[in-house]
Amino acid sequence: MKILVPVKRVVDAYVKIRVKPDGSGLELANVKMSINPFDEIAIEEAVRLKEKGLATEVVVVSVGPAKSQEALRSAMAIGGDRGILVETAETDVIEPLAVAKILKAIADIEKPALVLMGKQAIDDDCNQTGQMLAALLGWPQGTFASKIAIDGGVIHVTREVDGGLETVKLKTPAIVTTDLRLNEPRYPTLPNIMKAKKKPLEIKTAADYGVNLAPRLKVLKTTEPPVRKAGIKVGSVAELVAKLKTDAGVL
Amino acid sequence: MPTYKAPLRDMRFVLYELMNSEKLPELPGYEEFTRDLVDPILEEAAKMCEEVLQPLNRSGDEEGCRLENGVVYTPKGFKEAYKQYCDGGWNSIACDPELGGQGMPKIVCTVIEEMMCSANLSFGLYPGLTYGAYVALKGFGTDHQKATYLPNMVTGKWSGTMCLTEPHCGTDLGMLRTSAKPQGDGSYQITGTKIFISAGEHDLTENIIHLVLARLPGAPSGTKGISLFLVPKFLVKDDGSLGARNGVSCGSIEHKMGIKASATCVMNFDNATGWLVGSANKGMQAMFTMMNAERISVGMQGLGIGEVAYQNATAYAKDRIQGRSLSGVKDPAKPADPIIVHPDVRRMLLTQRAYVEGCRALAAWAGEMLDISGHHPDPKTRQEADDFVALVTPIVKALITDLGYEAANIGIQVYGGHGYIREWGMEQFVRDCRIAQIYEGTNGVQALDLVGRKMPANFGRNLRQFFHPVADYIEGHQHNEQMVEFIGPLAKSFGRLQQATGAIAQRGMARPDEAGAAATEYLRLFGLTALAYLWARMAEVALAKIAAGGDADSDGFYKHKVLTARFYYERILPETSSLLSKIMAGGKTMMAFEEAAF
């Protein structure tokens, strides 16, 4: 079974994001970037499946600027076998639909039995690419996975949903998107980091797959969330209820 | 509880903007270490230090090591962390690839060592000692010894120690008494007591390989009669498996001021079986090979502690609200302003920062020269780099541990009363750092090494490796408008250093006590001048980036680099003036004091 794992290079989870003064977007120069944490969970799961003998090859793919090679090398240090970078310009705005179309084209060529990917990227939090890809391929999907069990050609995916846990059964080929509790990614070992540098990495463009990257959405403005105002102390329960009714208007 | 984030941005600045690490792959043996490999290695090292080692720092200090029936137990979590550390391949970063190591450049290793020391100094000592023993054994062991012991020391399955000190002799190893009796089968029986043995006994590894200094029968007295022996805790059978327990045991562990999670042992050798490493009576030579590498590592301990103290003091100063700014309210929404508004708090934080970033640059300079001395194809270039390393080793060790200690102490001061309370973790940094000024040769001994050995060595050839680049830099930049504020004071301090060097050389010749009396101040004068040179270069790099415009400085990194350089020049470098006065005052007054009057 071949597994395809798409990964995205995003602003590191611990970086405090700043909006550009002109509101045209986020300040990305000199900001620490990392592999999207949900994608890291996806690659870890794929590698575990390979270590259990359930998968034969793990192919990692990224759509983004040249520096996305770093994310691919990180994924290969965890255990991905080879990488594909669909290189875009630094200034390109890449939307989930375009990524899903590229991934579809790659899936058509690579013919994986499973596409394992993060449920969302922590930069735009779209949570769309996996679902769109499933629709484009016409494959079943199991999103927000907290557990994956493979039994022959059937994948049992335990999903984290509002009401609790739900288990779905998918026939391969399928799409599974990962949630936070699926696993805890390993620390890549030093020898594996060094080996990752030598693993094959193919560089492609969106045009190679016949995909037009032109955005379909328009960003009007980017702003910081409003600063929270200081709270007040109330003297009694009655006063609290009154304020909730009149000032806050929530009761 | 203190936290730690590896200062990767500054580390990359030092490696790739100040130093020439981009060129590392040009050195034979380092072909692989291009920036796209070094970067992810540093990221992963940072993760390991921040997430695995740092969380055990405070608990390790509180719990300490414990000795029960001859067995030493390390604090909770150390065993698991050590396994993770070794499984990750971190134990062997500096070791030879042919033995299973990673063969990483020294300059990269020093950066990783700094991170480990910031995260958990006690933990770092266990693999650190193994590496010291590895270096000595690799340099002087027989092929059979190397094949038997080194591979497991590289993986971390076995650890190593260096057994030098005895109850009556530390600095003066010439007095040591541990004896080695030939057994006729090529082995020796080692008998004696060693103290202050870091990692002498512990529960992290299956076997411990002790390298022990001892005397053969009839050996000459003093340091010329000392030999080095290998004494394993468990004898190793021909097939590599572990055999009988050897006659070496831990008598007690020391109760120390700091590095409490590092087991400091009294080791008793009782007719223990050992083998000679290197030639008879040439043990000191092997030991010094190890010692020079270790001294640079000890410098990294001062640097690591200084950095983590700075990080936490900064966080506290931004968070702690108390009183109002002298120049008017800064945060009206809160009942008081954060203490970082106060000039005196800023003075403390910037002193820490200027020390730490300057020392990081100095360590990297030494690291780069170590790489050149070990790997450059041209013998002359290698020799020059080697001369430089020999010269700066005592400075790296003593200056960085002194400044690291000062930085840690400032950390307490920024926290006020809370700095004195254990729970906040700031006092641990001071206690842990304190030993770095003492072991591997006290800082006083380092200063004597500088004036007594390194300064006159090769008729001053070593000195030239520092004096020439600094003189050239001053010469080349004196008409640079932007650099005027740095080059003037640098030239002045450099002049003081030259004056002091001449005076000590002249007076020391006639009266050795004069050189001794000047040594500590001289080392500091030398060190502060070296940092001034590096700060000027860092300011130059930063100014160029700012001038280039664009979003190169969108995060203000370069702007604040220049400001820190300026702070160093305004507030720290002037100390060289008083140092020169002290040096020139000479040692007569001290020596005139009668012993009985002390």
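This report describes chain A and parts of chain B in a predicted model.

## Overall features of chain A

The secondary structure of chain A consists of six helices and 11 strands. Its C-alpha trace extends over about 65 × 45 × 40 Å along the principal axes. Of the 251 residues in this chain, 45% are classed as buried.

Ala71(A) belongs to helix H2, which covers residues 69-78 of chain A. Its relative accessible area is 2%. Because buried means under 20% relative accessible area, Ala71(A) counts as buried. Leaving out residues up to four places away in sequence, Ala71(A) touches Val7(A), Arg9(A) and Ile35(A). The C-alpha atoms of Ala71(A) and Pro37(A) are separated by 11 Å, and these two residues stand 34 residues apart along the chain.

Lys171(A) is located in strand E9, residues 164-171 of chain A. With a relative accessibility of 64%, Lys171(A) is exposed, since the exposed class begins over 50%. Apart from neighbours within four places in sequence, Lys171(A) is in contact with Pro140(A) and Gly153(A). Between the C-alpha atoms of Lys171(A) and Gly152(A), 19 residues apart along the chain, the separation is 9.4 Å.

## Backbone details in the loops of chain A

A cis peptide bond, with omega of about -5°, joins Thr172(A) and Pro173(A). Pro173(A) is placed in the loop between E9 and strand E10 (174-178).

Two residues other than glycine have a positive phi: Lys111(A), at about 50°, and Asp125(A), near 50°. Lys111(A) sits in the loop between helix H3 (96-110) and strand E6 (114-118), and it is exposed, with a relative accessible area of 62%. Asp125(A) sits in the loop between E6 and helix H4 (129-137). At 43% relative accessibility, Asp125(A) is partly exposed.

## Helix packing in chain B

Helix H8 (residues 343-375) of chain B packs against helix H15 (residues 557-572) at an angle of about 100°, and their axes are 9 Å apart. This angle makes H8(B) roughly perpendicular to H15(B), because values of 65 to 115 degrees fall in that class. Residues of H8(B) including Arg347(B), Leu350(B) and Tyr355(B) take part in the contact, which involves His560(B), Phe567(B) and Tyr568(B), among others, in H15(B).

H8(B) also packs against helix H14 (residues 512-548), at an angle of about 90° and with the axes 9 Å apart. H8(B) and H14(B) are therefore roughly perpendicular to each other. Among the contacting residues are Gly358(B), Cys359(B) and Trp365(B) of H8(B), together with Arg524(B), Trp535(B) and Met538(B) of H14(B). Tyr355(B) of H8(B) is listed in the contact with H15(B) and in the contact with H14(B).

## A buried asparagine in chain B

Asn312(B) lies in helix H7, residues 283-319 of chain B. Its relative accessible area is 3%, so Asn312(B) is buried. Setting aside neighbours within four places in sequence, Asn312(B) is in contact with Pro2(B), Thr3(B), Tyr415(B), Met426(B) and Phe429(B).

Notes. Residues numbered from 1 in each chain as written. Chains lettered and ligands numbered in written order. Predicted model: local features only at pLDDT ≥ 70, side-chain atom pairs only at ≥ 80, totals over all residues. Heavy atoms only, no water. Helix = DSSP H or I, 4+ residues; strand = E, 2+ residues; numbered from the N terminus. Buried < 20%, exposed > 50% of the residue type's maximum accessible area, 1.4 Å probe, protein only. Axes fitted to C-alpha atoms, helices over the stretch in contact; angles between N-to-C directions. Parallel < 35°, antiparallel > 145°, perpendicular 65-115°, else oblique. Contact = heavy atoms within 4.5 Å.
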